[in-house]
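Morning, everyone. I'll take you through one chain today. Please have the viewer open.

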Amino acid sequence: METKVNFTIVGFFVVLLTLATVTIALWLTESLQNKTYKVYQVYMNESVAGLSPQAPVKYNGVDVGYVDNLKINLKNPTQVILTLEIEPYVPITENTTAVLMPQGLTGIAFIGLQGGKAGAQPLLAKDNEEYPVIKSVPSFFVRLDTSLQDLTTNINALTQNVKVLLSQDNLTAVHHTLNNIDIVTTG
């Protein structure tokens, strides 16, 4: 018994499936391009190593946008200006802060937004700004580095104080004092 295959029907289904795939792909692409965003800027006072354009922006851990552009602030070269595209429903307020956050052990970074208490005023651009500016706060690694530097400074100061306390003159004075106490008490 031989199987009869109607190549016309098979070809029709292949063409129909191809058209459906192309239509769905175009529909998905069009819906992604029509998404609207609000533009914000962040002035980072630290290295943004690991952050790249198209990196996610997360509000309390939820993806709400992406980093559109990174550039050095020509007026203050220690700063990096980030341009963020954020979905319009996100409550960016005057007390919202941005922090550079690592994503796992890969070294890839993203921008984390926090704050935005209920009832706070929405963040608006000031007169001399093109876009509203979200305040930045130091990342965990910058805070850790600062704390370690402070700890090192304190340990160095403590070491210097111990050296002064244990100087030869002080040790001799303590030795004489103990001898005098011994003479008075045995006396």
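Which pattern does the protein chain follow, read along the sequence? The pattern is α-β-β-β-β-β-β-β-α-α. That makes three helices and seven strands. Helices (H or I, at least four residues) and strands (E, at least two) are DSSP runs, numbered from the N terminus.

Ground rules next. This is a predicted model, where local features need pLDDT of at least 70 and side-chain atom pairs count only at pLDDT 80 or more, while totals for chains, interfaces and linings use all residues. Residues are numbered from 1 along each chain as its sequence is written, and side-chain values use heavy atoms, with hydrogens and water left out.

Confidence, then. pLDDT is the predictor's confidence in each residue, from 0 to 100. The protein chain averages 82, and 87% of the residues score at least 70. Confidence is highest in strand 4, residues 80-86, at a mean of 92. Confidence is lowest in helix 2, residues 140-165, at 75.

Now some totals. The chain has 187 residues, and 23% of them are buried. Buried means under 20% relative accessible area, exposed over 50%, partly exposed in between (1.4 Å probe, protein chains only). The accessible surface comes to about 13800 Å², with 63% of it on carbon and sulfur atoms. Those areas come from the Shrake-Rupley method with a 1.4 Å probe; for residues, only the protein chains shown count as cover. Among contacts (heavy atoms within 4.5 Å) with a separation of 6 or more, 61% join residues 24 or more positions apart.

On to the core. A nonpolar core is a set of buried Ala, Val, Leu, Ile, Met, Phe, Trp, Tyr and Cys residues joined through side-chain atoms within 4.5 Å. The largest one holds 23 residues, and Ile 86, Ile 111 and Ile 134 touch the most other members. Strands 1 to 6 each give two or more residues to this core. Which strand gives the most? Strand 4 does, with four residues.

Look at Ile 111. Beyond four places in sequence, Ile 111 touches residues including Leu 51, Val 67, Leu 82, Leu 84 and Val 99.

Next, Asn 69, in strand 3. Asn 69 is partly exposed, at 32% relative accessible area. Leaving aside neighbours within four places, Asn 69 contacts Ile 81, Leu 82 and Thr 83.

Now the loops. Ile 108 is in the loop between strand 5 and strand 6, and is partly exposed at 48%. Ile 108 contacts Gly 50, Met 101, Pro 102 and Gln 103, neighbours within four places aside. Its C-alpha is 8.4 Å from that of Ser 52, 56 residues apart along the chain.

Two loop residues other than glycine have positive phi. Gln 54 is near 80 degrees, in the loop between strand 1 and strand 2. Asn 60 is near 50 degrees, in the loop between strand 2 and strand 3. Gln 54 is exposed at 56%, and Asn 60 is exposed at 54%.

Last stop, the surface. Leu 158, Val 162, Leu 165, Leu 166 and Leu 171 make a nonpolar patch of about 470 Å². Patches are made of residues with over 30% relative accessible area and no salt bridge: like charges are joined within 9 Å, nonpolar side chains (Val, Leu, Ile, Met, Phe, Trp, Tyr) within 5 Å. A salt bridge is a side-chain nitrogen of Lys or Arg within 4 Å of a carboxyl oxygen of Asp or Glu. Helix 2 gives the most to the patch, with three residues. Leu 158 is in helix 2 and is exposed at 54%.
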